[in-house]
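I opened this model to look up a helix and a ligand site, and I keep my entries below.

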Amino acid sequence: MHYFAYRNNELYAEEVAVRDIAAQIGTPVYIYSAGTLRRHFRVFDEAFAGADHLICYAMKALSNLSILKLFGAMGSGFDIVSVGELMRCLRAGADPKKIVFSGVGKTDEEIAAALQAGILMFNVESRPELYRIAEVARRLKLKAPVSLRVNPDLDPGTHPHISTGHRTSKFGIPLSEVFDYYAEARGLADLELVGLSTHIGSQITDTGPFIEAGEKVATIVRRLKADGIALRYLDIGGGLGIPYQEEPPPPAEYAAAILKPLAGLGVKIIAEPGRVLVGNAGILVTRVLYVKQTDVKRFIVVDGAMNDLIRPVLYEAYHAIWPVQKFEGRPGVIADVVGPVCESGDFFAQDRELPDPRDGELLAVMSAGAYGFVMASNYNSRPRAAEVLVEGKTMHVIRERDSFEDQVQREKLVEFQS
Ligand SMILES: *Cc1c(COP(=O)(O)O)cnc(C)c1O
């Protein structure tokens, strides 16, 4: 469900015509719907209403300051994976007590910054990291709240690049060593053992793997309690999919499924949704430059490219493509939608049926809110796209398109010797 819809054959973002945004801001442009973001947060939050819980938006999915501010104002906490994300949160006015820090490679500087900010907890992913956090905490004379991220060793049935819950992945501590880890962590005076966490992957479209993970972590929490380690938080990660093409369960069904094995544990549940909050709250609007017909294929060459949205080639991801203006009686054609970048992987869709787009017309790449702009690069010296947030009749430019100077400002022209 989202607030991008047609009125008189014209695509609108809430109350604003997409065509007007493109005319004013140029293309390619990311457009987000504030109403959709708020609705998604509310629906997800309500799904967990039956449990003591905190939602920590996994901000790596879409980390613009205004998006963080919007979620923060709704009571969201944040799941961060770098000091840059920590600083974005703080800049957007987030409450540090609602920040959890995940990731396998936290540096000393990142650990120190997070400790000084007073975050809720570190999700620890290895033994050396555990000792490193203790060491940094000791140096700063602070106590580090930690949660151990366990790898539940299961197959979430998603793309291998976004599958994190199998024991062959780099994430989490092995299931077989969990109790040793807790016993060891308990002996470290500079740590405060507050939780257990897990995150099994992304774009998961079935409740089965979540239930399996829930059952495994519930068993661990119970045994830890019996061993005298009473945890305060159980962080269940994120990973719920969105309907790119698949049909994932709605948040209420997901929450009911995962909460069932967690009943009666006496812990606060932390959920880290990313994609499901922002995925279909954003579109990437691009203009058709050329229609190129070869003897075997039709290519719709657009001004957006893989540097703007890399998901199709990186994850074999499917994004629906809608015409911004619908024309009655246009025949369908089968075409590849490709960008100007010099790579064959530069496509938004392949062999897709489309209503015969013509030069100068606009296309909307749907469900581009998550892992879209955040993965954008300047490859081919292309500026990163502008980002616009629509709220009812109002549009806010929340990030301007890169200028050429933005791209070269840190480069130096060497004074050569010869
Ligand atoms: C990426 C990530 C998330 C969010 O995943 P989604 O699939 O976007 O919900 C949550 N927790 C951790 C630790 C992550 O790395």
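My entries take the ligand and then the helix.

Entry 1. I note that the model is predicted, that local features need pLDDT of at least 70 and side-chain atom pairs pLDDT 80 or more, while totals for chains, interfaces and linings use all residues. Residues are numbered from 1 along each chain as its sequence is written, and side-chain values use heavy atoms, with hydrogens and water left out.

Entry 2. I looked up what surrounds the ligand and found 14 residues (a heavy atom within 4 Å of it), the closest being K60, S202, E272, R275 and Y371.

Entry 3. I then went through the polar contacts (pairs of N or O atoms within 3.5 Å): a polar side-chain atom of K60 is 2.8 Å from a ligand oxygen atom, and one of Y371 is 2.6 Å from an oxygen atom of the ligand. For E272, a side-chain N or O atom lies 2.5 Å from a nitrogen atom of the ligand. The ligand taken alone exposes 390 Å², of which the protein buries 93% (Shrake-Rupley areas, 1.4 Å probe).

Entry 4. I turned to helix α1, residues 18-25 (a DSSP run of H or I, at least four residues), where V18, I21 and A22 are buried (under 20% relative accessible area, 1.4 Å probe, protein chains only). Down the axis of α1, these buried residues fall within an arc of 100 degrees, so they line one face of the helix (the arc uses directions from the helix axis to the C-beta atoms). On the other side of α1, A23 and Q24 are exposed (over 50%). After α1 comes G26, with a positive phi near 90 degrees.

Methods: Helix = DSSP H or I, 4+ residues; strand = E, 2+ residues; numbered from the N terminus. Polar contact = N/O pair within 3.5 Å; in protein donor to acceptor, adjacent residues only side chain to side chain.
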